[in-house]
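User: Could you give me a close look at a single part of this protein, and then tell me how it sits against the rest? I would be glad of one connected account that I can follow in the viewer.

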Amino acid sequence: MVAWRTPDGGAHAGPGACPHLGAPLCRGAVDEGNLVCRWHGLSLGPQGFPGWSPYPVHDDGVLVWVRLNEVGGEDPLEAPVVPERPERAASIAAVESMAGRCEPEDIIANRLDPWHGSWFHPYSFVALRVLEVPEGPEPDPDRMVVEVGFKVAGRWGVPVQAEFICPEPRTVLMRIIKGEGVGSVVETHATPLGSDASGVPRTAVVEATIASSERVGFSLARRVAGAVRPFMRATARRLWRDDLAYAERRYLLRSARRAED
Ligand code: FES
Ligand SMILES: [Fe+2]
């Protein structure tokens, strides 16, 4: 797949192979909104070309979604399920993406295991307590609430309460409901990437952190968002390095059991 933007800011995507002789279009150049193939100069626009049809794209302002239709093996939705986010003008968004050798359910299972937080990520969390978990079909089966300190130094952490919900089967949303940064969200999306050469499934984690705060310091941070974003991404990356090991381990055990059966 190849994705590009036109000068009006619109996001577009299409198959990654040139319809002429198959050159990788991701190596092409963008000229006046068209994608120009590096092999023989074919110019491809958002309107498509015989043998090359762009995919529907949805740009939600933080993430760009591409609808692959039959590739997914599921009935496509009209638009992706985008959870409610803090207001754009009062927040900083950072997106990080990594991939692991596992299935989407392993990513989701890790994210929905709130107990591992301070054991597995002691560098980020202290004094984690799980306050609410779903107890049955009623009244709110898709919600968990935890209380945790985001580590600043030593045993010191900024205390917050956060809820976890699943707006759709491959998305977990964490929202700060009490404490510093109320309303901030972390959206975790597990996207299947297919299988590698040895048949092992690969799944991408695409995580958007959208931080907001009432603090004066925060409006200052917003002005230097470009400098803050790398730190937000690095934090997400560090956590996901460990969490992918968890998800991959879970997949390994499950597939070994499957093989035994
Ligand atoms: S392969 Fe792209 S123009 Fe020939
Ligand atoms: Fe984790």
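**From a loop residue to the core**

Glu-32 has a relative accessibility of 73%, which is over the 50% cut-off, so this residue counts as exposed. Please keep in mind that the model is predicted. You will find Glu-32 in the loop that joins strand 3 (29-31) to strand 4 (34-36). Its backbone is worth a glance too: phi is positive, about 50°, although Glu-32 is not a glycine.

Ala-127, however, belongs to strand 9. With a relative accessibility of 54%, Ala-127 is also classed as exposed.

For the setting, let us zoom out for a moment. The protein is built from four helices and 14 strands, and 35% of its 261 residues count as buried. Its C-alpha atoms fill a box of roughly 60 × 60 × 35 Å along the principal axes. Of the contacts with a sequence separation of 6 or more, 51% join residues 24 or more positions apart.

Now for the buried side. Helix 1 (residues 104-111) has six of its eight residues buried, so the rest of the structure largely encloses it. The buried ones are Pro-104, Asp-106, Ile-107, Ile-108, Asn-110 and Arg-111.

One partner of helix 1 is helix 4 (residues 225-260): the two axes come within 9 Å and cross at roughly 125°. An angle of that size makes the pair oblique, and the crossing is right-handed. On the helix 1 side, the residues that meet helix 4 are Glu-105, Asp-106, Ile-107, Ala-109, Asn-110 and Arg-111. Helix 4 answers with Trp-240, Asp-243, Leu-244, Tyr-246, Ala-247, Arg-250, Tyr-251 and Arg-254. Sorted by class, this contact holds seven nonpolar residues, one polar residue and six charged ones.

In soluble globular proteins, nonpolar side chains tend to be buried together. In this model, the largest nonpolar core has 24 residues, and Ile-107, Phe-164, Met-174, Trp-240 and Leu-244 have the most contacts inside it. Two or more residues each come from helix 1, strand 9 (125-132), strand 10 (144-153), strand 11 (156-168), strand 12 (171-179), strand 13 (185-195) and helix 4. Helix 4 gives the largest share, five residues.

Setting aside neighbours within four places in sequence, Phe-164 is in contact with Arg-111, Asp-142, Arg-143, Met-144, Val-146, Val-172, Leu-173 and Met-174. There is also a second, separate core of nine residues, with Val-2, Trp-4, Leu-35 and Leu-44 among them.

One last stop is His-121, in the loop between helix 2 (117-120) and strand 9. Apart from neighbours within four places in sequence, His-121 is in contact with His-116, Leu-239, Asp-242 and Asp-243.

Methods:
Residues are numbered from 1 along each chain as its sequence is written. Chains are lettered from A and ligands numbered from 1 in the order in which they are written. This is a predicted model: local features need pLDDT of at least 70, side-chain atom pairs count only at pLDDT 80 or more; totals for chains, interfaces and linings use all residues. Side-chain values use heavy atoms; hydrogens and water are left out. Axes are lines fitted to C-alpha atoms, for helices over the stretch in contact, and angles run from 0 to 180 degrees between N-to-C directions. Angles under 35 degrees count as roughly parallel, over 145 as roughly antiparallel, 65 to 115 as roughly perpendicular and the rest as oblique. A crossing is left-handed if the near helix is turned anticlockwise from the far one by less than a right angle, and right-handed if clockwise. Contact means heavy atoms within 4.5 Å. Ala, Val, Leu, Ile, Met, Phe, Trp, Tyr, Cys and Pro count as nonpolar, Asp, Glu, Lys and Arg as charged, and the others, Gly among them, as polar. A nonpolar core is a set of buried Ala, Val, Leu, Ile, Met, Phe, Trp, Tyr and Cys residues joined through side-chain atoms within 4.5 Å. Buried means under 20% relative accessible area, exposed over 50%, partly exposed in between (1.4 Å probe, protein chains only).
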